[in-house]
Amino acid sequence: MSANSVATARLSAGHERVLPSRRRALPLVGGIIIAALFSLLMILNLLPLVWGMLTSLKAEPDLFRFPPVIFDFAPTLDNYKRVIESGFLGNMQASLIYCVITVVSALALALPAAYAFDRFNFPFRQPLFLLIVASIPLSLGAAALLIPNYLYFTKLGLTNAWFTLPLIYTAHQLPMAIWIIKGTLEGIPKELDEAAIADGASHFGILRHIILPLSRPALGAAGVLVFVGSWNEFVASSVMVDSPALRPIQPAIYNFIGFFGREWGPLTASAMLAIIPILITFALLGRLIVSGLTKGSVKG
Amino acid sequence: MHPKYTGIQYIIPAFALLTLVLFSPVFYGVWFSLFHIQYGAATTFAGVQNYQDLLADPTLPGTLQRSIIFTGAAVSITIVLSLALAVWIHKLGERRGFLVQMVVIVPWIISTVVATLLFRWVFVNDIGLAGSIVKMMGLDEIHLLNSPHSAMALLIAVSVWKRIGYAVIILLAGLKGIPDDYEEAARIDGATPWQIFRRITFPLLKTPLLLVAIVLTLSNLNTVETPLVLTGGGPGDATRILPMDVFDRAFITYDLGSATALALAMFFGNVLLVLAYVRLAKWKT
């Protein structure tokens, strides 16, 4: 699922307050319950990553040892070598290119659209914006959309090309990006525009010199979510392109499941390669992801 | 240019793309579904024949029922757990709360394919970690994927695990939007924590809760990857739900006629949910 639900956050967030947290000394029982809950969360959410990482570094015999070894094994990169020999670097490269094109084009289309919806009055503005809002959750239903989409793109000859997936990803992520950015534009005072107009600036000049610099945090938040959503996309990726050279990582990993069968070494190695960029993004920009999800908190 | 149309030129590129990729395929799909399909191409006009064939398909009621059970269970469990987690995180304070939030959202930022694969390896596989621990404790091996009920239960569990982070973030934002004074005032008046939650927090969270419920329903009802990677729809057809059925019809058995009919039926189901979403979202212009 992609970040389609920013909309939800925008209304619910209300006014974000930074108040000093009132922390009272917790009774012992409460402390134990909290520690237990937290450990359970850590186990459920982080253990698959850690164990997957360890598995990907094990040679075949170490994988089947019982009881399982945790650290006492000779780490090897053989699994990674096998995955890379199967062409996984090509898949990663394809994914990376798709994601860069998608992030750039989604933001380039979303910023002017958000600007128009926030600052101008034009015929059908309200119903058109409604359509954008409706498209945010609609692109969650990719499974239902993709069959008609596949038929239509086949008819037009748009499948199986380098631009096929960026086109689809951008369309799926665009409504959410418009919504996030519009939320921030609402907070930029209109007086700035008026002053610029009085100084002889054009509408495009305002967009370029006032709106663009001031909406950078929103562009960042939207961009991160667009990146994560496109990197993780599976359904469109597996349907719309056939040729191995165009195949991004998610369907490539899915194919590995059939190809490597129960060989969990190479399988986990490919999984690790797929999540490294996401984890790096998350470590550096985790706050942006959360704020992207809850964007628009300034105005309920 | 007339000032009335200045705004329009800024939205044209975005709408051109959305029309190409999101809107026109729906109309094309409806048109296509009214024809007999051979080798992926429309041949002669068929009217509602494809839809009739779909309705006559004896496997459809079962698939529908499983989809409803799966979605209903996954959504309600996710909502209850995420609400509890969000309330807990909200009380933790800024720094610790943020840390927990980051841990909670990890399965959500990883792709469904990879998350499901890793979950299966660690918690389900018989030579995986959980399986080995069970064996070390001298218990019998458990093959969750071999029985229809436990496979479905597992599918629900993975879905909850994968999507709960999103729900927590949204509900947490909702909680932060409730002014502290309300709770303060109630406490001074002698309300118990449960009363405060029941009478103040919960009613004020109604909108975010409903929105989360709709989004979760949409994403569970349309998930292809979770059953595909976890169970492959098995054992038998026990975890075959609608989206997987659509994809198998289209790309495994090449029955594009019924696949398109079913996909469109799902699409209009999605539209109903989206309308509810938009109503709640009370968009502003």
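The questions and answers below concern a predicted model with chains A and B.

Reader: How many residues of chain B are in contact with chain A?
Author: The model is predicted, and the total for this interface uses all residues. On the side of chain A, 120 residues take part in the contact. On the side of chain B, the number is 102.

Reader: Which helix gives the most to the side of chain B that touches chain A?
Author: Chain B and chain A bury about 10000 Å² between them, with 78% of it on carbon and sulfur atoms. One helix of chain B gives 22 residues to this side, the most of any. That helix covers residues 3-32 and is H1.

Reader: How many nonpolar residues are on the side of chain B that touches chain A?
Author: Between the two chains there are zero salt bridges and ten residue pairs in polar contact. The side of chain B that touches chain A has 17 polar and 13 charged residues. Its nonpolar residues number 72.

Reader: Is Ser24(B) buried or exposed?
Author: Ser24(B) belongs to helix H1 of chain B and touches Tyr152(A) and Thr19(B), leaving aside residues up to four places away in sequence. Its relative accessibility is 16%. Buried means under 20%. Ser24(B) therefore counts as buried.

Reader: How far apart in sequence are the parts that Arg82(A) and Glu263(A) tie together?
Author: The side chains of Arg82(A) and Glu263(A) meet in a salt bridge, at 2.7 Å from N to O. Arg82(A) lies in helix H4 of chain A, and Glu263(A) in the loop between helix H13 and helix H14 of chain A. The pair therefore ties together parts whose separation in sequence is 181 residues.

Reader: Where does Asp57(B), the salt-bridge partner of Arg249(B), lie?
Author: The side chains of Arg249(B) and Asp57(B) meet at 2.9 Å, N to O. Both residues are buried, and they belong to a network of salt bridges that also links Asp237(B), Arg240(B), Asp245(B) and Asp248(B). Arg249(B) is in helix H12 of chain B, while Asp57(B) is in the loop between helix H2 and helix H3.

Reader: What is the distance between the end C-alpha atoms of helix H10 of chain A?
Author: Helix H10 of chain A has twelve residues, 203-214, and buried ones include Gly205(A) and Ile206(A). At 1.5 Å a residue, the helix should span 16 Å. The distance between its end C-alpha atoms agrees with this, at 15 Å.

Terms used
Residues are numbered from 1 along each chain as its sequence is written. Chains are lettered from A and ligands numbered from 1 in the order in which they are written. This is a predicted model: local features need pLDDT of at least 70, side-chain atom pairs count only at pLDDT 80 or more; totals for chains, interfaces and linings use all residues. Side-chain values use heavy atoms; hydrogens and water are left out. Contact means heavy atoms within 4.5 Å. Buried area is the accessible area (1.4 Å probe) that two parts lose on being put together, summed over both. A salt bridge is a side-chain nitrogen of Lys or Arg within 4 Å of a carboxyl oxygen of Asp or Glu. A polar contact is a pair of N or O atoms within 3.5 Å; within protein, one must be able to donate a hydrogen and the other to accept it, and residues adjacent in sequence count only if both atoms are side-chain atoms. Helices (H or I, at least four residues) and strands (E, at least two) are DSSP runs, numbered from the N terminus. Ala, Val, Leu, Ile, Met, Phe, Trp, Tyr, Cys and Pro count as nonpolar, Asp, Glu, Lys and Arg as charged, and the others, Gly among them, as polar. The expected span of a helix is 1.5 Å times one less than its number of residues. Buried means under 20% relative accessible area, exposed over 50%, partly exposed in between (1.4 Å probe, protein chains only).
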